[in-house]
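Thanks for making the time this morning.

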Amino acid sequence: MTVFRDLIGQDRAIDVLGRAASAAAEVVAGGRGAGMTHAWLFTGPPGSGRSTAAKAFAASLLCAQQGCGHCDACHQVEVGSHPDVTFVRPEGLSYSVRQTRELVLKAAGAPTLGRWRIVLFEDADRVTEAAANALLKAIEEPPPRTVWLLCAPSPDDMIITIRSRCRVVTLRTPSTEAVANVLVTRDGVAHDVALDAARAAQGDIGRARRLALDEEVRRRRDDVLSIPRSLTGVAECITAAERLVKTSTEDADAATTALNETETAELRKVYGEGSSGKGLNKGLVRGGAGALKELETMQKSRATRIKRDSLDLALLELVAFYRDVLAVQFGAPVELANEDRRHEVETIARASTPEQTLRRTDAIMKCRERLAANVNPQIAVEAMTLALRSPA
């Protein structure tokens, strides 16, 4: 099935989804369709292709040939314009119960083209507890032609009542060679560059592509990985923490500024600002101020999420670095994520003990927990860098 071509190293998942698409076709034809269910949970580590798999499955359900990859239905799903597929991408820190209830109402309608109405919910783990309960009711009693496709890093990220009502599709991390081969064949990246990017990305194809093709992304990674050797004193620890937080803020600003301006301008236009003609004025019509305030709140929440995601990515880069240090200390015959920095890894490995490396890794993970609990980023990262410096 052509729609599954982007699922690298996921043969088992492709087989499960292909069988389900065949069962769904039987249902459309009036049969029983054993093997098809109305709720699916796609799980796997970052970069494993959760949303890619869900989108491909959506296309296979709506395609008359179960995912040919060439017809109008497949193309519409790919570009996000199919009338029977609702894409949900939580842009803020969480997805509220109000938003979930609106989504449930929308999902209850009959499909426009007569096959299935599909809700593809990326980052479903961002739902609040109240929102999860609202979602549970929709999954428990779905309309006969509605399919829910939820994506989350792990089954444990969803409440057990939702998890137990979904068929779980577990995706694995693709091998370094598989990711490198994609970069070489599809993006024209040199093989050695592709291998370094694939190792550094630890199976995340999107991240590997950015590392291979974007010099700025490589520079930021280099800045993060220069932190361990720079922590020679308390002042250096504070400086490193400040630089890390500042970089994540700049990433969020770069990702949101242009988008915010476009969204605000479009909303103002919808509510009549700048319009001319009888009965119109140059200000916002009634309701526009409230809508604008709601948009600004969403934009602030999105910027905060992007900032945290950027900072979390940097912390995971550090975790991978110290994992490599630990592997060298134990002489483990494993591939290093930072093979391109082997000299630095070996230098730190010789200058410390495995116990110190584990404590440093714990300090990074503790920082991630504090950030998730809304601790001030600067304070949390400073505590981490001081712990990384300490030999105790």
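Predicted model: local features only at pLDDT ≥ 70, side-chain atom pairs only at ≥ 80, totals over all residues.

The open sheet has 5 strands in the order β2-β3-β4-β1-β5, paired in the parallel sense, where two strands count as paired if DSSP finds at least two bridges between them. At its edges are β2, residues 85-88, and β5, residues 167-170, each of which pairs on one side only. Neighbouring strands of this sheet are turned against each other by 15 degrees on average, direction ignored; the axes behind such angles are lines fitted to C-alpha atoms, for helices over the stretch in contact, and the angles run from 0 to 180 degrees between N-to-C directions. When I say helix or strand, I mean DSSP runs, of H or I with at least four residues for helices and of E with at least two for strands, numbered from the N terminus.

Residues are numbered from 1 along each chain as its sequence is written, and side-chain values use heavy atoms, with hydrogens and water left out.

Let us look at the pairings themselves. Strands of a sheet pair through backbone hydrogen bonds, either parallel or antiparallel. Here β3, residues 117-121, is joined to β4, residues 146-152, by 5 bridges, and the two run parallel; within that pairing, I118 has V147 of β4 as its bridge partner. β1 and β4 also pair in the parallel sense, over 5 bridges, with W40 facing L149 of β4 as its bridge partner. On to β5: β1 is joined to β5 by 4 bridges, again running parallel, and T43 has T170 as its bridge partner there.

How many residues of β1 are buried? The count is 5 of its 5 residues, where buried means under 20% relative accessible area, exposed means over 50%, and partly exposed is in between, with a 1.4 Å probe and protein chains only. In a regular strand the side chains alternate between the two faces of the sheet. Both faces of β1 are covered, with A39, L41 and T43 buried on one side and W40 and F42 buried on the other.

Now for the helices that lie on the sheet. Helix α2, residues 50-62, lies across β1 (39-43), β2, β3 and β4, running at about 165 degrees to β4, and helix α4, residues 97-107, lies across β2, β3 and β4, at about 155 degrees to β3.

That brings me to the nonpolar cores, a core being a set of buried Ala, Val, Leu, Ile, Met, Phe, Trp, Tyr and Cys residues joined through side-chain atoms within 4.5 Å. The largest has 34 residues, of which W40, F42, F57, I118 and L149 touch the most other members. Elements giving two or more residues to this core include α1 (11-28) and α3 (72-79), and α2 gives the most, with 8 residues. Leaving aside neighbours within four places in sequence, F57 is in contact (heavy atoms within 4.5 Å) with F4, L17, A20, A21, M36, W40, F42 and L149. Apart from this core lies another, of 27 residues, among them L244, F321, V345 and C367.

The axes of α15 (residues 354-372) and α16 (residues 377-389) come within 9 Å and cross at roughly 175 degrees, so the two are roughly antiparallel, a label used for angles over 145 degrees.

Not counting residues up to four places away in sequence, R199 touches T176, E335, L336, A337 and E339. A197, also in α8, is buried at 5% and, with that same exclusion, touches L183, A208, L211 and A212.

Terms used:
Parallel < 35°, antiparallel > 145°, perpendicular 65-115°, else oblique.
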